[in-house]
Amino acid sequence: VEGEAHLASAHARWGVAALVLVAYQLQGGLLRPPATKPPAVERSRWRLAHALSGAATLVVGWVAAALALARAERGVEQVLALATAALAVAAACCVLVAEVAARVRSRRGASSGVAGRSGRNGSWLELSVGEAPS
């Protein structure tokens with residue numbers, strides 16, 4: 001809104017929070033502790049923090065988007081309908097990812113504990129703690 005102080009709106013503050021969480025996710029991914037067998041406590045804590053902050057990033061982003069829609073003078077009913085649709089799409093994506101991961105794990109054997117696509121340097125998508133496939 002013209003003439004409004006910088007970061008005065010709830011949408012702006014939630015947007016900044018989303019950007020901070022995205023930066024945290026990025027650095028968390030880059031500073032991931034190495035996988036060991038048995039899994040180290042540090043790695044387990046990292047996985048929990050990374051997963052929780054990822055979920056928080058999504059929620060904060062959705063709130064910022066909903067506030068943007070509300071600022072655009074859309075009715076509350078429209079904002080709730082869009083938020084519900086976004087949540088349904090996100091849930092469907094989670095189910096799809098879990099299903100694909102389960103199928104990949106079953107094809108590789110339950111002992112590896114790693115699902116994903118392998119490149120020249122090994123697996124690039126780790127979905128569970130375990131040793132990388134050889």
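**Figure 1. The whole chain and its contacts.** Of the contacts in the protein chain with a separation of 6 or more, 45% are between residues 24 or more positions apart; contact here means heavy atoms within 4.5 Å. This is a predicted model, where local features need pLDDT of at least 70 and side-chain atom pairs count only at pLDDT 80 or more, while totals for chains, interfaces and linings use all residues. Residues are numbered from 1 along each chain as its sequence is written, and side-chain values use heavy atoms, with hydrogens and water left out. Helices (H or I, at least four residues) and strands (E, at least two) are DSSP runs, numbered from the N terminus. Buried residues make up 18% of the 134 in the chain; buried means under 20% relative accessible area, exposed over 50%, and partly exposed in between (1.4 Å probe, protein chains only). The accessible surface comes to about 9,700 Å², with 66% of it belonging to carbon and sulfur atoms. Those areas come from the Shrake-Rupley method with a 1.4 Å probe, and for residues only the protein chains shown count as cover.

Figure 2. Helix α1 covers residues 10–30, and its 21 residues should span 30 Å at 1.5 Å a residue, which agrees with the 30 Å between its end C-alpha atoms. The expected span is 1.5 Å times one less than the number of residues. G15, A18, Q25 and G28 are the buried residues to look for in α1. They cover an arc of only 140 degrees around the axis, so they sit on the same side of α1; the arc is that of the directions from the helix axis to the C-beta atoms. Part of what covers them is α2 (41–71). Turned away from that buried side is the face with the exposed residues L19, V20 and L30.

Figure 3. The 31 residues of α2 should span 45 Å at 1.5 Å a residue, and the end C-alpha atoms agree at 45 Å apart. Buried residues in α2 include R43, W46, T57 and A64. T57 has a relative accessible area of 14%, so it counts as buried. Leaving aside residues up to four places away in sequence, T57 touches A18, L21, V22 and Q25. L19 itself is exposed, at 60% relative accessibility.

**Figure 4. A nonpolar patch on the surface.** L58, V59, W62 and L87 make up this patch, with about 370 Å² of accessible area together. Patches are made of residues with over 30% relative accessible area and no salt bridge: like charges are joined within 9 Å, nonpolar side chains (Val, Leu, Ile, Met, Phe, Trp, Tyr) within 5 Å. The largest share, 3 residues, comes from α2. L58 lies in that helix and is partly exposed, at 49% relative accessibility.

**Figure 5. The R103–E99 salt bridge.** A search of the whole structure turns up 1 salt bridge, meaning a side-chain nitrogen of Lys or Arg within 4 Å of a carboxyl oxygen of Asp or Glu. The side chains involved are those of R103 and E99, at 2.9 Å, N to O. Both sit in helix α3 (residues 76–108), 4 residues apart, so about one helical turn separates them. E99 is partly exposed, with a relative accessible area of 40%.
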